[in-house]
Amino acid sequence: MSVWGHAFGKFGALVAAVLAASPAWAPAAAQDEIGFQSYLRTVATKAEAQGVSRRTIDSVIPTLTFNSRVVELDQQQPESRPNAPISPFEPYRVRHVDAARISQGRAAYQRQRSRLARIERETGVPESIMVAIWGHETNYGRVMGNFDLPRALASLAYEGRRRDLFESEFIATLKMIDRGVPRAKLVGSWAGAFGGPQFLPSVYLRLAVDGDGDGMADIWNSEADTLASIANYFVNAGWRPGQPWGFAVQVPAGLNRGALTTRTISPRCPRVHERHSQWKTMAEWRALGVLPIGRAWPADNVQATLLEPDGPGKTGYLLTGNYRVILDYNCSNFYALSVGLLADEVER
């Protein structure tokens, strides 16, 4: 029998004895733990079938206990309340594109300038976009989370609301250990993201890269690896060099917004995309009386969609296909707008 089998047997016998002694008032936590340990036996079998070594399975799974806190945090997320009203963007922008984040971003931009320039030459991803993602995700490496990733991901998978996602990410953490990532490095956010770019384990396995030539994609400690990995993510998601992410615009009061309503339903986060208008060229938007704020028009043939996050009469944004790449990183209009606006401020 494996180490895991012995551990489960001892734990199961102990909890069963507690329940037998007081079945009427056995705490929910003990019941959760029994279910969690049973689930771990199932997921261990799945991990082994996917090529995870028995050594890794036996070194990690017996150490895990159920973490109810991560489940509570997950249930508090906006996607748990799909019909909740959408808040205005401006208060979010003020909090996330603030003076401190801008000044720290400019300092990071200057500090990393030669490295950023090299990555942009190799990938086409703008230096300022890499810095803005880094700033939004971890405040330039200062806040990366301290939850134990295997425990958090296994707990979220067991809870079941998004089992397919979290179970696959849990198994990916085991694959990372098989690849030589030390167990002690596997800490991050409650939802399983980690390191400077806040990658999920499956993203790390696919897209994390070695940016400083030391032979390891160390997105926990290496700023070079963090920035190169962010750029690699954007390349993989389809970033188009030489095109802006978008820009602020003044929208004429008489614009017929009803005629611009999109008829396309996005298979991913449809509530985010349904707020965007139909796609039109820059020449067509100009003909409709839309005016850029503080910049010149891009080329006439560049396609863009209109978003008015605070409604008519407030600042609108024309958004290109590169904005969709930012959404691929985090499918939230407020997040993507703030990344783009922070990037603009960083490179001023």
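Predicted model: local features only at pLDDT ≥ 70, side-chain atom pairs only at ≥ 80, totals over all residues.
Residues are numbered from 1 along each chain as its sequence is written, and side-chain values use heavy atoms, with hydrogens and water left out. Local features need pLDDT of at least 70 and side-chain atom pairs count only at pLDDT 80 or more, whereas totals for chains, interfaces and linings use all residues.

Helices (H or I, at least four residues) and strands (E, at least two) are DSSP runs, numbered from the N terminus. Strand E7 covers residues 316-319. Its partners include E3 (residues 246-250), joined in the antiparallel sense over four bridges, and E6 (residues 303-307), also antiparallel, over three bridges; pairing requires at least two DSSP bridges. Gly246 has Leu319 as its bridge partner, and Leu306 stands opposite Leu318. In a regular strand the side chains alternate between the two faces of the sheet. Here, Gly316 and Leu318 point one way from E7, Tyr317 and Leu319 the other, and all are buried (under 20% relative accessible area, with a 1.4 Å probe and protein chains only).

Pro197 sits in the loop between strand E2 (187-188) and helix H11 (201-207). Pro197 counts as buried because its relative accessibility is 0%. Beyond neighbours within four places in sequence, Pro197 contacts (heavy atoms within 4.5 Å) Glu137, Ile219, Thr226, Ser229, Ile230 and Tyr329.

Turning to the helices, H2 (residues 28-49) and H9 (residues 149-159) pack at about 100°, with axes 10 Å apart; axes are lines fitted to C-alpha atoms over the stretch in contact, and angles run from 0 to 180 degrees between N-to-C directions. The two helices are therefore roughly perpendicular (65 to 115 degrees).

Key:
Buried < 20%, exposed > 50% of the residue type's maximum accessible area, 1.4 Å probe, protein only. Parallel < 35°, antiparallel > 145°, perpendicular 65-115°, else oblique.
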